[in-house]
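Biologist: I am new to this structure. Please show me how to read a few of its features.

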Amino acid sequence: MNASALFGPDDWHRAEALRLEARDYLSRNDAYTFFQALDRLIVTGPTRTNVNDFRAILVLPRTP
């Protein structure tokens, strides 16, 4: 599981060299693949906690 990504001035040049079009990835909401191609993801692995692992809200209709 990735937690974030790093991006600096050199990464912009690397993205251009790899022909990665940031706007294309942004328009698809696919930052993961963009940063994965640059090898800039920060990968933490599983946290082994239950904090924010799953949330569910059940909304039932009102009964008279």
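The talk below takes up aromatic rings, then backbone angles, then a contact along the chain.

Modeller: One point before we start. This is a predicted model.

Biologist: How many aromatic pairs does a search of the whole structure find?

Modeller: Start with the general idea. A pair of aromatic rings is described by the distance of the centres and the angle of the planes. Here, the search finds five aromatic pairs. Take Phe 7 and Phe 35. Their ring centres are 6.0 Å apart and their planes stand at 85°, so this pair is edge-to-face.

Biologist: Where do Phe 7 and Phe 35 sit in the chain?

Modeller: In distant parts of it, 28 residues apart. Phe 7 is in the loop between β1 (2-5) and α1, and Phe 35 is in helix α3.

Biologist: Is Phe 35 buried or exposed?

Modeller: Phe 35 counts as buried because its relative accessibility is 19%, and the cut-off for buried is under 20%. Phe 7 has 39%, so it counts as partly exposed.

Biologist: Which residues do ring pairs link into a cluster?

Modeller: Phe 7, Trp 12, Tyr 25, Phe 34 and Phe 35. Tyr 25 has another contact to look at. Arg 28 lies over the face of the Tyr 25 ring, 4.7 Å from the ring centre.

Biologist: Now the backbone. What is the phi of Arg 19?

Modeller: The general idea comes first. Most residues other than glycine have a negative phi. Now the case. Arg 19 is not a glycine, yet its phi is positive, at about 60°. Arg 19 is found in the loop between α1 (9-17) and α2 (22-27). With 75% relative accessibility, Arg 19 counts as exposed.

Biologist: Where is Asp 39 found?

Modeller: In the loop between α3 (31-37) and β2 (41-43). Asp 39 also has a positive phi, near 55°, and is not a glycine either. Its relative accessible area is 66%, so Asp 39 is exposed. The cut-off for exposed is over 50%.

Biologist: Last topic. What separates the C-alpha atoms of Gln 36 and Ala 5?

Modeller: A distance of 8.8 Å. Compare that with the sequence: Gln 36 and Ala 5 are 31 residues apart along the chain. Gln 36 has its place in helix α3.

Biologist: What is the relative accessible area of Gln 36?

Modeller: It is 43%, so Gln 36 is partly exposed.

Terms used. Residues numbered from 1 in each chain as written. Predicted model: local features only at pLDDT ≥ 70, side-chain atom pairs only at ≥ 80, totals over all residues. Heavy atoms only, no water. Helix = DSSP H or I, 4+ residues; strand = E, 2+ residues; numbered from the N terminus. Buried < 20%, exposed > 50% of the residue type's maximum accessible area, 1.4 Å probe, protein only. Phe/Tyr/Trp six-rings, centres within 6.5 Å; stacked < 30°, edge-to-face > 60°. Lys NZ or Arg CZ within 6 Å of the ring centre and 35° of its normal.
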